[in-house]
Amino acid sequence: MKKESTLHFWHGLLLIALFAFTATFIAGFDFVKSLSLSPLIVGIILGMIYANTLRQVMPAEWQKGVKFCTKQILRTGIVLYGFRLTLTQVVEVGLPAILVDAIVIVGTIGLGLLLGRWMKMDRDTVLMTSTGSAICGAAAVLGAEPVVKCESHKTAIAVSTVVIFGTISMFLYPIMYRAGLLSGLTDMQVAIYTGSTLHEVAHVAGAGNAMDPSDALGIAGTATITKMIRVIMLAPVLIVMAFCLRKPSAGGKAEKTRITVPWFAFGFIAVIVLNTLLQQCDFLPQDFLQTAVYGKGSWMEVFDTFLLTMAMTALGTDTGIEKFRQAGAKPFYLAGGLYVWLVVGGYFLCKFMV
């Protein structure tokens with residue numbers, strides 16, 4: 001029986017891996033690239049298509065392998081995401097960008113909680129949607145999922161909202177820039193505004209390159225670095241979130257509480273520090289390390305993206321249309337309200353603080 005159970009586990013795992021390979025392949029198409037849709041987003045779309053077509057055909061025993069992707073593989077992917085970041089990036093942009101990022105994150109999550117309470121939404125959906133809008137889109141939602149411990153379909157709904165509004169921004173910001181609506185900001189302010197308010201890293205890269213294709217004005221590069229600072233802030237946000245979501249112990253005594261520590265968040269920070277040290281060690285073979293570990297398109301980045309794609313796909317397979325109907329339109333109203341705050345509030349923050 002144990003051998004058979006292990007076999008079922010691997011069947012579920014390999015099913016998700018196959019979907020992830022397919023998502024990676026589709027994400028390489030020029031048309032998909034032009035939309036800045038990452039393999040993660042393609043993966044969750046494929047998973048949701050499967051959930052609403054052939055999901056009932058999958059043997060129930062395979063579910064263990066699928067769940068493994070939404071838990072262990074997800075956390076591993078978040079930790080390895082740290083190899084894309086360095087502490088040096090924070091210093092390069094400076095204190096104004098850090099302050100704006102911090103205010104945007106705190107303001108977005110705080111406003112989300114207020115709007116969610118006003119709309120009488122459930123806490124998990126509010127937290128997941130607000131975290132995704134505040135920090136780094138789908139990656140932040142994935143990072144918050146083990147801390148919030150919500151149902152898979154709520155994670156998928158939160159991802160859907162950040163994809164929709166982030167994609168809108170990716171096209172809207174360059175239009176506003178060309179139309180002169182951002183003329184009240186300097187190039188540095190435009191860059192920080194873009195990096196501190198757009199949802200996904202891909203959205204920031206797309207908008208930054210559209211406004212400044214050659215990076216001659218420094219908009220594209222500074223926007224990306226500002227965005228990376230927001231990504232770095234994911235770890236401390238998760239730690240604070242875990243503390244705030246602590247639950248009373250079995251005895252029910254208020255003075256004894258159980259805090260679920262997101263250890264993967266500490267791993268995320270540790271990997272960022274390690275990546276920073278690796279890039280500053282002269283005695284290490286930097287050409288090899290850049291190819292294998294921390295460079296753009298490195299083996300580690302490809303592997304990590306694949307792990308996160310598996311996690312997103314697995315979440316998508318548990319998200320049927322019926323669950324979206326149960327959630328209703330409120331999550332999208334919430335994300336829309338947060339979007340207005342990011343676009344309008346972010347503008348004035350950058351104008352007066354940078």
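**Close-up views of a predicted model**

Figure 1. When residues up to four places away in sequence are set aside, the contacts of Leu127 are with Leu113, Val148 and Leu245. Cys150, which is 23 residues from Leu127 in sequence, lies 9.7 Å from Leu127 in space when the distance is taken from C-alpha to C-alpha.

Figure 2. Most residues other than glycine have a negative phi. Lys120, although not a glycine, has a positive phi of about 55°, and this residue sits in the loop that lies between helix 6 and helix 7. Its relative accessible area is 75%, so Lys120 is classed as exposed, for which the cut-off is over 50%. Lys149, likewise not a glycine, has a positive phi of about 60° and is found in the loop between helix 8 (138-148) and helix 9. With a relative accessibility of 48%, Lys149 counts as partly exposed.

**Figure 3. Helix 10 and the helices that cover it.** Helix 10 spans residues 187-197, and nine of its 11 residues are buried, so this helix is largely enclosed by the rest of the structure. The buried residues of helix 10 are Gln189, Val190, Ala191, Ile192, Tyr193, Thr194, Gly195, Ser196 and Thr197. Their cover includes helix 6 (95-118), helix 9 (152-178) and helix 11 (201-211), together with helix 12 (219-232) and helix 18 (330-353).

**Figure 4. Packing of helix 11 against helix 12.** The axes of helix 11 and helix 12 cross at roughly 165° and come within 8 Å of each other. Because angles over 145 degrees count as roughly antiparallel, helix 11 is placed in that class relative to helix 12. The crossing of these two helices is right-handed. On the side of helix 11 the contact is made by Val201, Val204, Gly208, Asn209 and Met211, and on the side of helix 12 by Ile219, Ala220, Ala223, Thr224, Lys227, Met228 and Val231. Sorted by class, the residues in this contact are eight nonpolar, three polar and one charged.

**Figure 5. Packing of helix 14 against helix 15.** Helix 14 (residues 263-280) and helix 15 (residues 286-294) have axes 10 Å apart and pack at an angle of about 155°, and they are therefore roughly antiparallel to each other. Their crossing is left-handed. Helix 14 contributes Asn275, Leu278 and Gln279 to the contact, while helix 15 contributes Gln286, Leu289, Val293 and Tyr294. By class, the contact of helix 14 with helix 15 has four nonpolar and three polar residues, and no charged ones.

**Figure 6. The whole protein, as context for the close-up views.** The protein has 18 helices and two strands. Its radius of gyration is 20 Å, close to the 20 Å given by the globule rule for 354 residues, so the protein is as compact as a globular protein of that length. Along the principal axes, the C-alpha atoms fill a box of roughly 65 × 55 × 45 Å. Of the 354 residues, 54% are buried. Among contacts between residues at least 6 apart in sequence, 80% join residues that are at least 24 apart.

Notes: Residues are numbered from 1 along each chain as its sequence is written. This is a predicted model: local features need pLDDT of at least 70, side-chain atom pairs count only at pLDDT 80 or more; totals for chains, interfaces and linings use all residues. Side-chain values use heavy atoms; hydrogens and water are left out. Axes are lines fitted to C-alpha atoms, for helices over the stretch in contact, and angles run from 0 to 180 degrees between N-to-C directions. Helices (H or I, at least four residues) and strands (E, at least two) are DSSP runs, numbered from the N terminus. Angles under 35 degrees count as roughly parallel, over 145 as roughly antiparallel, 65 to 115 as roughly perpendicular and the rest as oblique. A crossing is left-handed if the near helix is turned anticlockwise from the far one by less than a right angle, and right-handed if clockwise. Contact means heavy atoms within 4.5 Å. Ala, Val, Leu, Ile, Met, Phe, Trp, Tyr, Cys and Pro count as nonpolar, Asp, Glu, Lys and Arg as charged, and the others, Gly among them, as polar. The radius of gyration is taken over C-alpha atoms; the globule rule is 2.2 Å times the number of residues to the power 0.38. Buried means under 20% relative accessible area, exposed over 50%, partly exposed in between (1.4 Å probe, protein chains only).
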